[in-house]
Amino acid sequence: MKRYDNTAQFIMDCDQETDIDFAYMGQRFHVLTWPDEGIVISKVPQETDEMVFQTADELLDEYRINNIRLRDLIPELDL
């Protein structure tokens, strides 16, 4: 199973405008890094709870899954 080793890899994917799909505890998420309004993250398949962040660091620090910052979950995400 593929995983990020660190947050720098996640940030690099965001900077390269790579779409990112990951799962955590059975829930799937989708990150769009190329929209003009910023980096968009949503649960899949709902996509009704989209949140937009201006930077990858902002996403990592402010988006939470089960009340845990995404930054702290990076090594546990299944890609």
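User: Why is D57 called partly exposed?
Analyst: This is a predicted model, and every value comes from its coordinates. D57 has a relative accessible area of 39%. Buried needs under 20% and exposed needs over 50%. The value lies in between, so D57 is partly exposed.

User: What makes D57 and R71 a salt bridge?
Analyst: Their closest N and O atoms are 2.7 Å apart. The cut-off is 4 Å between a side-chain nitrogen of Lys or Arg and a carboxyl oxygen of Asp or Glu. The pair therefore qualifies. D57 lies in helix α2 and R71 in helix α3, so the bridge ties together parts that are 14 residues apart in sequence.

User: How do you know that R71 forms a salt bridge with D61?
Analyst: The closest N and O atoms of R71 and D61 are 2.6 Å apart. That is within 4 Å, so the pair counts. This pair, too, links distant parts of the chain, with R71 in α3 and D61 in α2, 10 residues apart.

User: What is the N to O distance where the side chains of R69 and D61 meet?
Analyst: It is 3.1 Å, again within 4 Å, so R69 and D61 form a salt bridge.

User: Which residues are linked in a network of salt bridges?
Analyst: D57, D61, R69, R71 and D72 are. The structure holds five salt bridges.

User: Which residues of helix α1 are buried?
Analyst: In α1, residues 7-15, they are F10, I11, D13 and C14.
User: What puts them on the same side of α1?
Analyst: Around the axis they cover an arc of only 155°, which places them on the same side of the helix. Their cover includes β1 (20-24), β3 (39-44), α2 (56-62) and α3 (70-73).

User: What caps the N-terminal end of α1?
Analyst: N6 does: one of its side-chain oxygens lies 3.1 Å from the backbone nitrogen of A8. A polar contact needs N or O atoms within 3.5 Å, so this pair passes. After α1 comes E17, with a positive phi near 55°.

User: Why is T33 called buried?
Analyst: T33 has a relative accessible area of 8%. That is under 20%, so T33 is buried. T33 sits in the loop between β2 (27-32) and β3.

User: What does the side chain of T33 reach?
Analyst: It reaches the backbone oxygen of E17 at 3.4 Å. A polar atom of the T33 side chain also lies 3.0 Å from the backbone nitrogen of T18. Both distances are within 3.5 Å, so both pairs count as polar contacts. Leaving aside residues up to four places away in sequence, T33 touches D13, C14, E17, T18, D19, I20 and I39.

User: How do you know that β1 and β2 pair?
Analyst: They share five bridges in the antiparallel sense. Pairing requires at least two, so β1 and β2 pair. D21 stands opposite H30 in β2. The two strands form a hairpin with two residues between them, and M25 in that turn has a positive phi of about 50°.

User: What makes β2 and β3 a pair?
Analyst: They have five bridges, also antiparallel. Again the requirement is at least two, so they pair. L32 stands opposite V40 in β3. This hairpin has six residues between the strands, and G38 takes a positive phi near 135°.

Technical notes:
Residues numbered from 1 in each chain as written. Predicted model: local features only at pLDDT ≥ 70, side-chain atom pairs only at ≥ 80, totals over all residues. Heavy atoms only, no water. Buried < 20%, exposed > 50% of the residue type's maximum accessible area, 1.4 Å probe, protein only. Helix = DSSP H or I, 4+ residues; strand = E, 2+ residues; numbered from the N terminus. Arc of directions from axis to C-beta. Contact = heavy atoms within 4.5 Å. Polar contact = N/O pair within 3.5 Å; in protein donor to acceptor, adjacent residues only side chain to side chain.
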